[in-house]
Amino acid sequence: MIQPPVRVDHDPIDIPAGLGIMASIAINEGHQVALLDLNIHRPVPSWQKIAEQIQIEKWDLIGIGGLSSMYEDIKKVLYLSRKFNPDALIVCGGGFITYMPDKIMKFNPSIDIGVIGEGEETFREILQSTETKNWKQIRGICYREDDKLIYTEPRPLIPDMDVIPHPAYDLMDIEEYFKYSGSMWYNGAFQSKRRINFVTERGCPRQCTFCTHNGMNRWDQLAMLGKDKVKMLDEEAGFQAVTRFFSPKYVVNHALWLSEKYDIDYICLLDENLTSNNKRVHELCDYWIQEGLHKKIKLGTSGDAPSINPDVVEHMKQAGFTFIAIGGESGSDKILLEDIGKGVTVADTQKSIDILKAGGISPSMTFMVGNPNENINDVLDTVSFLIKNNIDVGPFICTPYPGTKIFMDNQDFILCQYDERLNILAKSPNPNVSPEQISKWKDEALETFLLSLNNATDYSCTVSKHFDFSDLLTIKYFMKNHDMAKLLKLAHMRGWPHEARWNNSCPVCSASDELAIKIEN
Ligand code: B12
Ligand code: SF4
């Protein structure tokens with residue numbers, strides 16, 4: 001199993017959970033497994049060293065997983081894996097392949113089988129079929145047969161999370177991860193020496209347009225498969241919930257086991273939206289406290305603003321939570337409701353910050369810039385919100401990751417940013433260019449886009465109707481510095497009309513007003 005590097009601009013903070021679970025499944029099936037974690041070391045080892053590692057054995061099967069944003073490194077890992085293991089079965093899973101298996105398989109001939117969405121049952125069945133190679137009967141995959149790509153029937157989501165094994169911790173260099181235990185994007189949130197993060201939920205009940213759930217949620221299924229297929233899966237497996245949780249018992253037992261084995265002092269529950277289910281949070285906190293874990297292990301997690309209330313915060317504080325991360329995203333209701341579709345207002349976010357502060361838990365917020373209809377007034381609303389709440393974060397530039405609504409809505413616009421020929425053709429179609437040629441250019445542009453996603457904190461492309469890439473980089477910088485004056489000056493330089501309510505903060509308007517008064521006098 002090979003874990004490619006993730007976010008090399010930062011310390012590695014998370015164990016490879018998905019791949020670790022796949023490794024456990026292989027072990028349970030009686031196989032010998034090794035895990036090559038290319039993410040744990042900084043700097044990441046050279047490709048020559050990685051090639052040496054891959055060559056130390058003759059592997060029967062190589063499993064690789066990752067997010068869309070890891071595509072550049074995944075591609076290199078795939079190339080080396082095939083080069084040194086011409087006969088191995090190469091199986092890939094995770095977000096990078098789930099949302100566009102056809103394109104990823106086309107761009108990477110070394111992949112034999114792509115696992116779409118949740119991997120546990122699918123990978124087990126692949127392992128059980130390596131002799132017969134009867135892939136057709138395995139649901140939730142695509143594979144090659146001659147020159148064709150075959151898709152099998154989709155697989156229902158796992159109804160009972162508690163059947164899922166723990167990641168194969170023994171194969172990981174956990175002590176190496178502990179070196180980064182205090183490291184976190186949210187300033188100083190982790191005061192820990194031995195931290196492990198794990199996930200206790202799949203999916204999220206919200207449907208933000210920039211977000212996906214690696215194919216492991218009802219909304220994702222609807223987008224990928226359509227209503228009829230999802231209905232069919234519901235009929236077969238029982239209603240597939242939008243969000244599925246591991247039981248409090250499973251989570252507590254997992255934590256007790258980790259505490260015993262590794263003497264951990266902190267767990268970040270990397271759920272997409274843990275607080276969204278208040279009932280479950282109370283049950284989890286009750287059980288956690290009952291087992292005495294609140295005296296040994298501190299906790300962090302993420303949630304959504306409307307589900308934060310004083311009762312839940314008090315209970316979480318008692319259980320040992322030190323921070324809850326919330327996606328504030330924007331200080332403009334227009335952007336939150338119309339562009340992002342979070343179903344959350346600025347007032348909700350403000351209320352959650354106030355409740356968290358009053359309850360003694362640090363709110364860790366993330367924000368973004370560059371949503372399609374966001375203009376300078378919306379940006380200024382966000383900066384006002386950051387200033388009002390003394391929030392010191394640099395916003396992410398809204399990035400259309402594959403699988404998201406903003407990706408699907410803006411595909412052509414995105415591709416035009418990666419091939420000037422497509423850009424020119426979009427403005428004036430040329431009858432001399434064949435559809436086959438255009439389709440080839442589109443594929444090339446798509447792969448260039450995927451390769452550009454490599455560092456999630458950098459700029460890759462935009463879906464903004466108002467700002468180009470240089471605008472966004474500049475705006476991001478001024479937002480981070482809470483610099484309203486420079487943003488307003490930029491608005492005048494670029495000819496973006498700003499509303500009169502910002503005049504007092506605007507150096508250009510203030511100067512014009514002052515001089516106008518003098519001239520009048
Ligand atoms: C931990 C985490 C991270 C960690 C890295 C984790 C790691 N080591 O890979 C950090 C903090 C670095 C991170 C960063 C980012 N993340 Co993140 N992250 C997560 C998080 C919270 C948990 C991931 C996890 O462990 N899930 C649990 C495991 C079991 O699920 P899984 O990995 O998907 O694995 C399952 C399947 O995908 C499949 N599978 C996976 N690998 C393999 C391999 C094989 C061989 C097989 C057969 C199957 C298989 O089977 C597994 C079990 O069902 C998820 C949200 C969530 N709760 O899932 C987001 C999530 C994965 N992140 C996401 C995003 C968008 C990002 C960022 C781009 C955000 C940003 N703008 O900065 C960056 C990317 C940075 C970069 N340069 O690549 C998206 C992924 C979207 C996508 N299409 O890939 C998610 C889903 C969050 C979201 N809702 O948007 N992230
Ligand atoms: S609330 Fe968070 S996890 Fe849920 S859909 Fe929105 S961004 Fe994704």
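Residues are numbered from 1 along each chain as its sequence is written, and chains are lettered from A and ligands numbered from 1 in the order in which they are written. In this predicted model local features need pLDDT of at least 70, side-chain atom pairs count only at pLDDT 80 or more, and totals for chains, interfaces and linings use all residues, while side-chain values use heavy atoms, with hydrogens and water left out.

Reader: How many helices and strands does the chain have?
Author: Helices (H or I, at least four residues) and strands (E, at least two) are DSSP runs, numbered from the N terminus. On that basis, the secondary structure comes to 22 helices and 15 strands.

Reader: What radius of gyration does the chain have?
Author: The radius is taken over C-alpha atoms, and the globule rule is 2.2 Å times the number of residues to the power 0.38. For 521 residues a compact globule would have a value near 24 Å, and the chain agrees with this at 25 Å.

Reader: In the open sheet of six strands, which strands stand at the edges?
Author: Two strands pair if DSSP finds at least two bridges between them. The sheet has the order 8-11-12-13-14-15, with parallel pairing. One side of each edge strand is left without a neighbour in the sheet, because each has a single partner strand; the two are strand 8 (195-198) and strand 15 (396-397).

Reader: Which residue of strand 13 is the bridge partner of Leu-299?
Author: Strand 12 (residues 298-303) and strand 13 (residues 321-329) pair in the parallel sense over five bridges. For Leu-299, the partner in strand 13 is Phe-321.

Reader: Which residue in the turn between strand 6 and strand 7 has a positive phi?
Author: Strand 6 (residues 141-145) and strand 7 (residues 148-151) pair in the antiparallel sense over four bridges. Glu-145 has Lys-148 as its bridge partner in strand 7. The two strands form a hairpin with two residues between them, and the positive phi, about 55°, belongs to Asp-146.

Reader: How many charged residues does the shell around ligand 2 have?
Author: Ligand 2 is surrounded by Cys-204, Arg-206, Cys-208, Phe-210, Cys-211, His-213, Glu-272 and Lys-342, where a residue is near a molecule if one of its heavy atoms lies within 4 Å of it. Ala, Val, Leu, Ile, Met, Phe, Trp, Tyr, Cys and Pro count as nonpolar, Asp, Glu, Lys and Arg as charged, and the others, Gly among them, as polar. By class, the shell has four nonpolar residues, one polar and, as charged residues, three.
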